[in-house]
Amino acid sequence: MPPPLPHHHLLLLLLLLLLPFISSQPTTPITLSLHSLTPPNPTPLHTLSLLVSSSLSRAHHIKHHSHSKTTTTPLSTSPLYPHSYGGYSLSLSFGTPPQSLPLVFDTGSSLLWLPCTHSYLCLSCSYPSKLPPFIPKLSLSSKLIGCKNPKCSWIHAPSFLSNCRYCPPDFPNCHQICPPYLLIYGSGSTAGILMSETLHLPDLSIANFTFGCSVLSQRQPSGIAGFGRAPPSLPSQLRLDRFSYCLISRRFDDDPSASGSLVLGGPAEDSSDGSSSTPFLPPPAAAPPASSSYYYVGLRQISVGGGDKSIKVSAASAPGGTIVDSGTTFTYLARGLFEQVARAVESHVGDRYERDADVEAVTGLRPCFRVSGDLDGLPEMALRFKGGADMDLPLQNCFSLVGDAGAACLMIVTDGSDAVEVSGGPDVIIGSFQQQNYHMVFDLKRERLLFRRKDCIGTAT
């Protein structure tokens, strides 16, 4: 795979692609499109290695991110499909007439963007999409976002927008478009311009929904539905009081008909249905501005083996806090915390199983054990949160059998040194693997997360 292009080269290529659309008087709507991909799986070990790498890349990006309609009934229930690269996708429709697009569901970012226009280009994308891009010219409701539009400040700093070249302060009806954006993810990037369009949900259409029309991406072929806390996100634009989702087990990765669900809106929930609740927290004081998009929670302990071992999570061991992220596959722990968890797992297993160093070396996971075809004898785990909420993780949310290797590995990742890193970003990222078969409710009105165990396949939350 060729090395990634420097960011200034990406911006230059972006400007060349956008040249037909960027002017002081843009009048032609720009058509957008997006596609979602499932890479082939050469071997289970190779797949796991890719997932570990992508989880670590995303964690590193999140940790070091630079400063760069309300209703009591559900607005929509949409299926969520698992992908072998670790994400989940949903299908949304945009435009007049509607164009349906698959998007990766992501609570760790806020902008919803689509592969867009006939000129869409994805660099270093090994698996090109067979789906056409979203085409603004085929929609009667596509509009560009202007430089003086308040929504432009969702992605650009006010100091940057104060220099809108063709927009004098005394000219409110300026036609200069909002400057292009460049978004950096853990494993890739995307660039484009802001547009507004009609978003179609079952029995509901939302006019003037703002999204990113990406014309250039690198290692990021699929569009993303941002469900974070910042203004550009889908929950923020729809002014939702809550949304919830249920991610099906990874064992259905090869079954395209299997799905969990995503619900927008809906009535308030409480603990009467067996749900546990923990409050959302503000980002730590040292966190960069980008952290305001994340869902922080107060993780207090990690229990291993039914309470035999409990690892305390504190401001000393995890000063960057804990977030819940559907876009990260395997839960990430700062190195010090991870080593304590790994030692507790090894202590619980004892001499029951031997370590499998070969599988550890290939996958990047540890500890891995040579088992007899099942997960019996390995410890269950629990995440204990502020307010007394416990997320009890069954074995299949903690470990996974690795292909035909006869091994089972702990599905938690780490990187870095033993020293606590003072980066400002989160030190614990609860990923989608640990959330599978959990009903997760993001109560935005009451500022809390609710969750309970549930068989998610083919169900509405």
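Predicted model: local features only at pLDDT ≥ 70, side-chain atom pairs only at ≥ 80, totals over all residues.
User: How do you know how many helices and strands the protein has?

Analyst: Helices are DSSP runs of H or I with at least four residues, strands are runs of E with at least two, and both are numbered from the N terminus; by that rule the protein has seven helices and 28 strands.

User: Why is strand S8 called largely enclosed?

Analyst: A residue is buried when its relative accessible area is under 20%, exposed when it is over 50%, and partly exposed in between, with a 1.4 Å probe and protein chains only. In strand S8 (residues 189–201), 12 of the 13 residues are buried, so the strand is largely enclosed by the rest of the structure. For the protein, buried residues make up 55% of the 461 residues.

User: Which other strands pair with S8?

Analyst: Strand S2 (residues 88–94) pairs with S8 in the antiparallel sense over two bridges, and Phe 94 has Leu 199 in S8 as its bridge partner. Strand S6 (residues 143–144) is likewise antiparallel to S8 over two bridges, with Leu 144 bridged to Met 195. Strand S7 (residues 181–184) pairs with S8 over four bridges, again antiparallel, and Tyr 181 is bridged to Gly 192.

User: What makes S16 and S22 edge strands?

Analyst: In an open sheet of four strands, the order is S16-S15-S21-S22 with antiparallel pairing. Strand S16 (309–312) and strand S22 (390–393) each pair on one side only, which makes them the edge strands. Within this sheet, five bridges join S15 to S21, and one of the bridged pairs is Val 304 with Met 381 in S21.

User: Why is the largest cavity called a cavity, and what volume does it have?

Analyst: On a 1 Å grid over the protein atoms alone, a cavity is a set of points where a 1.4 Å probe fits but cannot get out, and its lining residues have an atom within 4 Å of a point. Grid points are joined across faces, edges and corners, and the volume is the space filled by probe spheres set on the points; for the largest cavity this comes to about 90 Å³. Its lining includes Leu 299, Thr 331, Met 381 and Gln 434.

User: How do you know which class of residue lines the largest cavity?

Analyst: Ala, Val, Leu, Ile, Met, Phe, Trp, Tyr, Cys and Pro count as nonpolar, Asp, Glu, Lys and Arg as charged, and the others, Gly among them, as polar. On that division the lining has nine nonpolar, two polar and no charged residues.

Conventions. Residues numbered from 1 in each chain as written. Heavy atoms only, no water. 1 Å grid on protein atoms, 1.4 Å probe; cavity = no way out; pocket = protein on both sides within 12 Å on 5 of 7 lines; lining within 4 Å. Pairing = 2+ DSSP bridges.
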